[in-house]
Amino acid sequence: MRTRLTRGELLRRGAAGTALLALPSLFVGCGGGSGDAGGGDELKTVLNFSNWPYYMDTKGKRHPTLDQFTAATGIKVNYFEDVNSNDEYFAKVQGPLSQGNGIGRDILVATDNSRFPILYVSQGWVRELDKELIPNISNLVDAQASPPFDPERTYSLPWLSGMTGIAWNEDLTGPVTSISQLLEDPKLKGKVTMLSEMGDSVGVVMADAGDDPSAATDDSFDRAIQKVQAAVDSGQIRRFTGNDYAQPLANGDLAACVAWSGDVASLVADNPKLKWAVPEKGGIIWTDNMLIPTGGSVATASTYMNFVYDPKIAAQIAVGTGYISSVKGVKEEAVKLDPDSASNVLIFPDDALLAQLSQNDPAMLGNEEYITKWQAVLGQ
Amino acid sequence: MAGSTGPVGGGGFFHRHPRVTPYLLLAPGALWLAVFFLVPLAFLGYQSLQSGIFPTFEFTWEFSNFSDAFTDYREQLLRSFLYAGIATVACLLLAYPLVYWIAFRAGPWRNLFLLFIVAPFFVTYLIRTLAWLNILADEGPVVGLLRGINVLDDDGRLLATTFAVVSGITYNFFPFMALPLYVSLEQIDGRLLEAAKDLYASPAQAFLRVTLPLSAPGIVAGTLLTFIPAAGDFINAELLGTPKQQMIGNVIQAKFLESLDYPTAASLSFVLVAAILVALLFYAKIVGTEKLTG
């Protein structure tokens, strides 16, 4: 509804004298933010939230922090675990968003080691946060205050962060400490998977070669691609996966794989034989970002974001999922909640660990030629 | 239908315009095809001639999309036809004796056995394929047995191999072969076989000269219903294969949903349709068109 009004206004303005030829660019600019800076819409009674699976604190079939949010604000949450891959989620919603229509969601998440946060923002398919409703934004850690795709945090706030490294099953192999070992050790042949997300897999291979994943060049990218291709050709790599490495790793089809830190943190509870480590030459750190898509309620979404930026709530989510929070003071709260988790460096990485991690080069993630080369490695 | 139960005016209309009736009956189907087949097909055609990168595609009569699609993905295209072909033959060889037995020997249990063929397919396609991940798992019972009897090496496996992908396709499309075959076998008049016997045909001769030709429409229908969707399948290669088993369906899926390269995806879809049509024409030429229509 809201969008239609905005488009109507633009059309009137166009008719009133702006050159008709300028209209297309106005359309592009429209959702881009000038139209609907913060506030403006009403608080709703329901929040629709799209997120990845296993990405919210869980107790039985309930999500305690969502229940607390409803108790505190009266806003019910429809929580959808319908993001299984950044690419596929984007492909699904880009149709309606490009028409200026909503997608029935007030918040979605997108990972910064894909090209999608940039696309959502540059296409004007997300709405500005209402920072007046988010006083807790002052709790955002400094390191996350100014990402390249949204330097002022106008449209986004971090949900959780995680690391890309190596997981292995101790029943089948000793420690797998480097990506070279993962891709070349004959003992692991055919029992290795990598992630199909380019940023994760190419990033760790670049780091392994001594190249900087945060500043990719054609040479360093091609070196990484060749290394992965060689491992595919030799049969070392069995498949490329999303979250679905978890099951085969636990039941022994896989000896080792490129994996996300928090997944393994939660798997270890049932499978103490599973280990995870940052590769010796470095791993990747990434952050999922909450965004308000066109048609979403800014007031409702901003109210929720404020709620999860309370360190007490953020601590429950971080401890419950095994991923890293971007909220200041969360560790202090986690100590009160669960001292064991509070000392887990995978959830609360220390400086030594952070020094081993790089962020992917945004230019690499959006490079069409690189994407095509990566798809060819996947056999596609 | 147009008679006593319909509104009086309607009945009158159909009586007065008898030649219009077939067209009116045709209209819903034709409309359905136009809206849900022709329009998307035209849009796909439009998209296949665009150029540019997401999100700014422009229509530029980019015919090179087609030649590029063919040259860049020839391997996956050929592989799709190879896998679909093997799976179709395997389905035929497995299904024929089975449904033959059901049609001629199962007597009153026929419907029960048919239900057994169809029952697994009450479960969704994806879940059925995922089940194979567990059945064929490296540490699972099947691989354990095959290793025990030395069919597989100690580090041999079934998952993530060509064998797993082709087997998955064979399994998933089996009823599309079995059911048309059953229908054609079940219709065969038993007296024809008796007559063959009376004329001193051996059982093999009777099968080759009576049963097989009479079941040909079922074979043709079954092979088409199996081969066409199998050639475009991507789930089996995705879940049971490796990058070396990717089929054309995987490429199209990835181009549409992962690379967001819509023009290439659209042109690949057309290349696949065209390739299937060419294969069908050859097939029709060989078996004769009257068998295609039964």
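Helices (H or I, at least four residues) and strands (E, at least two) are DSSP runs, numbered from the N terminus. The model is predicted: local features need pLDDT of at least 70, side-chain atom pairs count only at pLDDT 80 or more, and totals for chains, interfaces and linings use all residues. Residues are numbered from 1 along each chain as its sequence is written, while chains are lettered from A and ligands numbered from 1 in the order in which they are written.

**Exercise 1.** Determine how many helices and strands chain B has, and whether chain B is spread out or compact.

*Solution.* Step 1: chain B contains 14 helices and two strands. Step 2: the radius of gyration, taken over C-alpha atoms, is compared with the globule rule, 2.2 Å times the number of residues to the power 0.38. Step 3: chain B has a radius of gyration of 24 Å, well over the 19 Å that the rule gives for 294 residues, so chain B is more spread out than a compact globule. Step 4: along the principal axes, the C-alpha atoms of chain B fill a box of roughly 75 × 70 × 35 Å.

**Exercise 2.** State which domains chain B has and how far apart their C-alpha centres lie.

*Solution.* Step 1: domain bounds come from an automatic or database domain assignment. Step 2: chain B is divided into domain 1 (1–34) and domain 2 (75–292). Step 3: the C-alpha centres of these two domains of chain B are 41 Å apart.

**Exercise 3.** Describe the contact between chain B and chain A.

*Solution.* Step 1: two residues are in contact if their C-beta atoms, placed from the backbone, lie within 7 Å. Step 2: chain B contributes 20 residues and chain A 21 residues. Step 3: helix α12 (residues 248–257) of chain B supplies five residues, the largest share of the chain B side.
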